[in-house]
Amino acid sequence: MPRSLRSSSGRSRRGSFRRLPRVGRFVVGTRSGRLASAVGIGYLLGTITTADVVTRAMGNGVDLRTSGSGNPGSANAMKVLGPKAGLMVMAGDISKGVAACGAGAALAGPAGAHLAGTASVAGHCYPVWNGFNGGKGVATSVGQCLATFPVYFPIDVAVATATAAIPAWKQRSFAATMVSSACWVGGGLLWWAKGWRNGWGPKPSALLPISALASSAIIARRFVAAGNPADRVEGR
């Protein structure tokens with residue numbers, strides 16, 4: 001490209017940047033702004049209540065917040081509406097976590113992926129549109145794990161399957177979820193310490209176990225807020 005065109009192009013881009021509002025310049029032009037945008041988009045994606053989308057699509061007028069366990073998640077959807085609805089809700093909630101991490105990575109790299117993933121779990125559990133009363137966030141955190149820690153994902157599924165297969169654990173979804181979460185955090189610490197490969201996910205860093213811990217803490221808080229965690233059976 002001729003120097004004159006390069007210069008005019010550069011001046012044009014700088015001029016456009018200067019014409020942005022100050023907040024817009026912060027978001028577009030700084031790393032902190034990009035990270036903040038990743039968190040915001042991750043949260044907003046998390047607030048999409050898949051259960052509401054599925055029930056409206058099925059046209060049955062059921063509100064899962066007033067039916068069954070009162071939790072707008074896949075387990076309650078399966079109990080109230082059947083396996084097909086439950087699987088649809090689960091797939092949608094997992095997809096939210098994956099999409100949030102992808103958007104965060106596009107905006108701010110690996111750090112953005114981790115932060116957006118945790119933000120999507122927060123959005124699922126505390127959606128602003130529903131008075132901050134959402135689901136448990138387990139399925140959304142599965143999507144976060146799949147996107148940011150893919151090599152651990154089969155282990156996560158194995159732990160979840162093993163706990164679900166034991167009757168005593170199956171009736172204690174909070175305890176089973178915390179065991180799975182502890183393994184997720186511990187796996188993140190191990191992969192970061194060893195520097196092992198992480199499939200299509202970002203290179204392991206301190207943010208891997210930190211984001212897993214943050215998401216697990218949000219999920220634990222939702223279980224506790226829902227009542228006596230030892231007696232909760234609906235875990236999604």
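Predicted model: local features only at pLDDT ≥ 70, side-chain atom pairs only at ≥ 80, totals over all residues.
Me: Why is H5 called roughly antiparallel to H6?
Reply: The axes of H5, residues 74-81, and H6, residues 83-125, come within 7 Å and cross at roughly 160 degrees. Angles over 145 degrees count as roughly antiparallel, and therefore H5 is roughly antiparallel to H6.

Me: Which hand does the crossing of H5 and H6 have?
Reply: The crossing of these two helices, H5 and H6, is right-handed.

Me: Which residues of H5 and H6 meet?
Reply: From H5 come Ser74, Ala77, Met78 and Leu81, and they meet Pro83, Ala85, Gly86, Leu87, Val89 and Met90 of H6. By class, this contact of H5 with H6 has 8 nonpolar, 2 polar and no charged residues.

Me: What makes Gly86 in H6 count as polar or nonpolar here?
Reply: The classification places Gly among the polar residues, so Gly86, which belongs to the H6 side of the contact, is counted as polar.

Me: How much of the chain counts as buried, and what does that word require?
Reply: Of the 236 residues, 43% count as buried, which means that their relative accessible area is under 20%. The accessible surface of the chain comes to about 11800 Å², with 66% of that belonging to carbon and sulfur atoms.

Notes. Residues numbered from 1 in each chain as written. Heavy atoms only, no water. Axes fitted to C-alpha atoms, helices over the stretch in contact; angles between N-to-C directions. Helix = DSSP H or I, 4+ residues; strand = E, 2+ residues; numbered from the N terminus. Parallel < 35°, antiparallel > 145°, perpendicular 65-115°, else oblique. Left-handed = near helix turned anticlockwise from the far one by under 90°. Contact = heavy atoms within 4.5 Å. Buried < 20%, exposed > 50% of the residue type's maximum accessible area, 1.4 Å probe, protein only. Areas by Shrake-Rupley, 256 points an atom, 1.4 Å probe, with all protein chains shown as cover.
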